[in-house]
Amino acid sequence: MSTLSKPYLTPDQYLEIERKAEFKSEYFQGEMFAISGARFAHIQIVANVIRQLGNQLEGQPCQPLSNDMRVCVKPAGLYTYPDMVVVCGEPKFLDNTFDTLLNPTVIIEVLSESTEAYDRDKKFELYRSLESLAEYVMISSLRVRSERYTRQPDGTWNYSSKTNLEDTLELKSIDCQLSLADLY
């Protein structure tokens, strides 16, 4: 019995396919992976975060972007669509197509059963190689819980967690606060 192996794709081949595709796929070290849809709770949290951050960042040098903004984690060979990113200052893009961001300041992932382990472990490991990244936030769609990692001056990451609807998630790098009650 033979097994078929997936062909290796270069980042340029991936981008050529992805830019013509009718659905989104991520890319990691030569392989392309389709992204599935999300459930209502997940989508609702994403919309609530985008709305709150948009209101708080109006007129500021930072802007929230939805999960249609692809992020390239160049050193790691990852092309991905985080649930939300915040970019501060001048956005830097991979090329003049302006669809692949290189310098997110904050990345927010909403966790679901199918993505939690990957978002929490491998994806965060890869995200840490982004020099621009100041905060990584994970928000559970299954229970009231937010987790925030903040890059310290020495390059280590500080962890904090909130688990009550009365709690406020502080995003210090962009001077924003998110009430968990308003997210859920």
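Asp-175 sits in the loop between strand S12 (168–171) and strand S13 (176–179); strands, like helices, are DSSP runs numbered from the N terminus, with at least two residues (E) for a strand and at least four (H or I) for a helix. Its phi is positive, about 55°, although Asp-175 is not a glycine. Asp-175 is exposed, with a relative accessible area of 61%; exposed means over 50%, buried under 20%, and partly exposed in between (1.4 Å probe, protein chains only).

This is a predicted model, in which local features need pLDDT of at least 70 and side-chain atom pairs count only at pLDDT 80 or more, while totals for chains, interfaces and linings use all residues. Residues are numbered from 1 along each chain as its sequence is written, and side-chain values use heavy atoms, with hydrogens and water left out.

**Another positive phi**

- Phe-98 is a residue other than glycine with a positive phi, near 60°.
- Look for Phe-98 in the loop between S6 and S7, where its relative accessible area of 53% makes Phe-98 exposed.

**Salt bridges**

- The whole structure holds 13 salt bridges, each a side-chain nitrogen of Lys or Arg within 4 Å of a carboxyl oxygen of Asp or Glu.
- One of them joins Arg-19 to Asp-95, with the closest N and O atoms 3.0 Å apart. This pair links distant parts of the chain, 76 residues apart: Arg-19 is in the loop between helix H1 (11–18) and strand S1 (25–28), and Asp-95 is in the loop between strand S6 (84–88) and strand S7 (100–101).
- Both partners are partly exposed, Arg-19 with a relative accessible area of 33% and Asp-95 at 27% relative accessibility.
- Arg-19 also meets Asp-99 in a salt bridge (2.8 Å, N to O). Here too distant parts of the chain are linked, since Asp-99 is in the loop between S6 and S7, 80 residues apart from Arg-19.
- Which residues make up a network of salt bridges? They are Arg-19, Arg-70, Asp-95 and Asp-99.
- Elsewhere, the side chains of Glu-109 and Lys-123 form a salt bridge (3.1 Å, N to O). Glu-109 belongs to strand S8 (residues 106–111) and Lys-123 to helix H3 (residues 116–127), so this pair ties together parts that are 14 residues apart in sequence.
- Are Glu-109 and Lys-123 buried or exposed? Glu-109 is buried at 2% relative accessibility, and Lys-123 is buried at 4%.

- In H1, the residues Tyr-14, Leu-15 and Glu-18 are buried. They cover an arc of only 95° around the axis, so they lie on the same side of H1; the arc is that of the directions from the helix axis to the C-beta atoms.
- The buried residues of H1 pack against S1, S2, strand S4 (70–73), strand S5 (78–80) and S7.
- In H3, the buried residues are Glu-116, Asp-119, Lys-123, Phe-124, Leu-126 and Tyr-127. Their arc around the axis is only 150°, which puts them on the same side of H3.
- On the face of H3 turned away from its buried side, you will find the exposed residues Ala-117 and Asp-121.
- Lys-122 is also in H3, and Lys-122 is partly exposed at 31% relative accessibility.
- Leaving aside its neighbours within four places in sequence, Lys-122 is in contact (heavy atoms within 4.5 Å) with Phe-28 and Ala-117.

**The largest pocket**

- About 860 Å³ of space lies in the largest pocket. On a 1 Å grid over the protein atoms alone, a pocket is an open set of points with protein on both sides within 12 Å along at least five of seven lines, and lining residues have an atom within 4 Å of a point.
- Of the 30 lining residues, Ile-35, Ser-36, Gly-37, His-42 and Thr-115 are the closest to the centre of the pocket.
- Two or more residues of the lining come from each of S1, strand S2 (31–34), helix H2 (40–57), S8 and H3.
- By class, the lining has 13 nonpolar, eight polar and nine charged residues. Asp, Glu, Lys and Arg count as charged, Ala, Val, Leu, Ile, Met, Phe, Trp, Tyr, Cys and Pro as nonpolar, and the others, Gly among them, as polar.

Technical notes:
1 Å grid on protein atoms, 1.4 Å probe; cavity = no way out; pocket = protein on both sides within 12 Å on 5 of 7 lines; lining within 4 Å. Points joined across faces, edges and corners; volume = space filled by probe spheres on them.
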